[in-house]
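Q: I would like to learn how to read salt bridges and helix faces from a set of coordinates. Can we work through one case?

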Amino acid sequence: MTVNVITAKLAKKMIDNRKFGLIIDLRDYDEYLQGHLPGAINIPVNEVLDRINEIKGYEGSNVLLYCEHGIQSIGAGKALILNGFSKVYSLDKGLGSYNYPLYN
């Protein structure tokens, strides 16, 4: 299994159609507070493995990961796959490519 890299346009469509069981913002908490994708929770990239128990139960759901530029989300996605997650998506080019309204 691999991390599925998707465009902002497809991510927006999937968010609007409630196709993600979980959306994780991998940036620092302060960045998350400045604006995040609708429904996203914040787990900074360096805490993903330490907080894996918080997201147990979503292993079979579509999970979207994003960071600022789309690089860290690939590594975090691979870590989730190694921990039993099967439908992991990464926002291509990160939040910088998402030209739609954010929530805060």
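Q: Which residue forms a salt bridge with Asp25, and how far apart are the closest N and O atoms?

A: A salt bridge here is a side-chain nitrogen of Lys or Arg within 4 Å of a carboxyl oxygen of Asp or Glu. Arg27 is the partner of Asp25, with the closest N and O atoms 2.7 Å apart. This is a predicted model, in which local features need pLDDT of at least 70 and side-chain atom pairs count only at pLDDT 80 or more, while totals for chains, interfaces and linings use all residues. Residues are numbered from 1 along each chain as its sequence is written, and side-chain values use heavy atoms, with hydrogens and water left out.

Q: Is Arg27 buried or exposed?

A: Buried means under 20% relative accessible area, exposed over 50%, and partly exposed in between (1.4 Å probe, protein chains only). Arg27 has 7% relative accessibility, so Arg27 counts as buried. Asp25 is at 0% and therefore counts as buried.

Q: How many salt bridges does the rule give?

A: The count is seven. Among them is Arg51 with Glu54, whose closest N and O atoms are 2.9 Å apart. Arg51 counts as partly exposed because its relative accessibility is 23%. Another joins the side chains of Lys56 and Glu59, at 3.8 Å from N to O. Lys56 is partly exposed, with a relative accessible area of 38%. Through shared partners, salt bridges also link Asp25, Arg27 and Glu68 into one network.

Q: Which residues of helix α1 are buried?

A: Helices (H or I, at least four residues) and strands (E, at least two) are DSSP runs, numbered from the N terminus. An α-helix has 3.6 residues a turn, so residues three or four places apart point the same way. In α1, residues 8–16, the buried ones are Ala8, Ala11, Met14 and Ile15. They lie on the same side of α1 because they cover an arc of only 125° around the axis, the arc being that of the directions from the helix axis to the C-beta atoms.

Q: What covers the buried residues of α1, and which exposed residues does the face turned away carry?

A: Contact means heavy atoms within 4.5 Å. The cover includes β1 (4–6), β2 (22–25), β4 (62–66) and β5 (87–91). The face turned away from the buried side carries the exposed Lys9 and Lys13. Arg18, which follows α1, has a positive phi near 55°.

Q: Which residues of helix α3 are buried?

A: In α3, residues 72–82, they are Ser73, Ala76, Gly77, Ala79, Leu80 and Ile81. Their cover includes β4 and β5. Just after α3, Gly84 has a positive phi of about 100°.
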